[in-house]
Amino acid sequence: MIVTTGWYLALGAALFSMGAVGLLVRRNPLVMFMCVELMLNAVNLTFVSLGAELGDLGGQLSVFFVLVVAAAEVVVGLAVIVAIMRRRSGATVDDLSVLGG
Amino acid sequence: MEVAVFTLGAVIVLSGGLGVLLARNPVHAALFLVQTLFGVAVLFVLLEATFLAAVQVMVYAGAIVILFLFVIMLLGVDRAEDLGIEPIVGQRPMAAVVGVSLAGLLATVLLVAVDGLTGARGGTPLGDAGDNTRRLGEALFTDMVFAVELTAILLTVAVVGAVALARRLNGPMQPLPVVAIAEADDQPEDVDDDPAEATGDGS
């Protein structure tokens with residue numbers, strides 16, 4: 001038996017759905033951020049496996065940029081969470097519906 | 001051998017993902033996230049993306065999750081969340097339905113697509129594993145040098161923005177305006193000036 005690209009893609013799909021469900025269900029903004037990271041990693045796995053399938057470096061290059069953007073996103077997002085939590089400690093996303101305007 | 005490593009990596013990834021999903025304590029969720037990231041790094045090694053595997057461990061597990069843990073510890077939100085409360089009626093069954101359908105849809109599309117990959121092969125061929133880092137560096141700093149410069153700007157902007165957002169301003173803290181939900185529930189602590197007492201529900 002040999003590991004084909006389809007196995008990686010199925011694993012990526014499962015991980016992505018897990019992250020999506022977590023984003024829908026969890027209410028702690030920090031844990032929701034972690035679920036976003038899960039989804040980003042699922043996409044990274046898909047990129048790398050398809051790059052290996054096609055013999056192309058482009059998949060890995062995409063993952064590099066996804067990593068950078070994920071780092072920037074986490075930095076800004078955590079700063080927003082810190083700024084909110086200072087004013088309302090223990091706030092969940094349901095308490096922050098005021099951000100909707 | 002390859003199947004064994006893949007199975008091990010998949011088990012690590014999926015159990016870590018489930019842990020993030022189900023852990024009540026945010027610290028535990030962060031540690032489960034580290035587990036998932038390590039599993040993905042194992043799969044990257046299996047796919048001969050050695051540089052990305054190293055970056056995955058260093059940047060994700062070493063920097064991003066540590067940032068998460070710092071924020072959790074600093075804010076003191078490491079109390080267990082009561083997952084028994086379902087704030088919106090029917091949210092969890094709907095989320096489960098969405099998740100299962102999303103997984104099915106993605107798996108179908110990806111499995112069909114991999115049988116008939118179309119389009120031109122890219123200009124940068126994939127070398128062997130030992131050559132991986134050099135090829136990535138060459139591609140990044142020749143073909144994609146403009147994009148690399150843009151990511152540098154993006155990171156700088158993100159750092160400056162984070163400092164501006166998280167800076168402690170002078171004067172007393174203003175509480176956030178009272179939320180419509182909180183008004184409906186009649187929670188007087190939301191209008192309190194003392195942030196230590198203004199606790200939201202749940203968490």
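What percentage of the 101 residues in chain A is buried? I looked this up and found 54%; a residue is buried if 20 or more other C-beta atoms, placed from the backbone, lie within 10 Å of its own.

I noted the ground rules. This is a predicted model, in which local features need pLDDT of at least 70 and side-chain atom pairs count only at pLDDT 80 or more, while totals for chains, interfaces and linings use all residues. Residues are numbered from 1 along each chain as its sequence is written, and chains are lettered from A and ligands numbered from 1 in the order in which they are written.

I checked the scores: ipTM is 0.91 and pTM is 0.81. Chain B has an average pLDDT (the predictor's confidence in each residue, from 0 to 100) of 80, and 72% of its residues score at least 70. I marked residues 186-203 of chain B, where pLDDT stays under 50.

I turned to the fold of chain A. Its secondary structure has three helices and zero strands; helices are DSSP runs of H or I with at least four residues, strands runs of E with at least two. The radius of gyration, over C-alpha atoms, is 17 Å against 13 Å from the globule rule for 101 residues, so chain A is more spread out than a compact globule. That rule is 2.2 Å times the number of residues to the power 0.38.

Last, I looked up the interface. I found 72 residues of chain A in contact with 82 residues of chain B, contact meaning C-beta atoms, placed from the backbone, within 7 Å. α3(A) gives the most to chain A's side, with 22 residues.

Note on methods. Contact = placed C-beta atoms within 7 Å. Buried ≥ 20, exposed ≤ 12 C-beta atoms within 10 Å, placed from the backbone.
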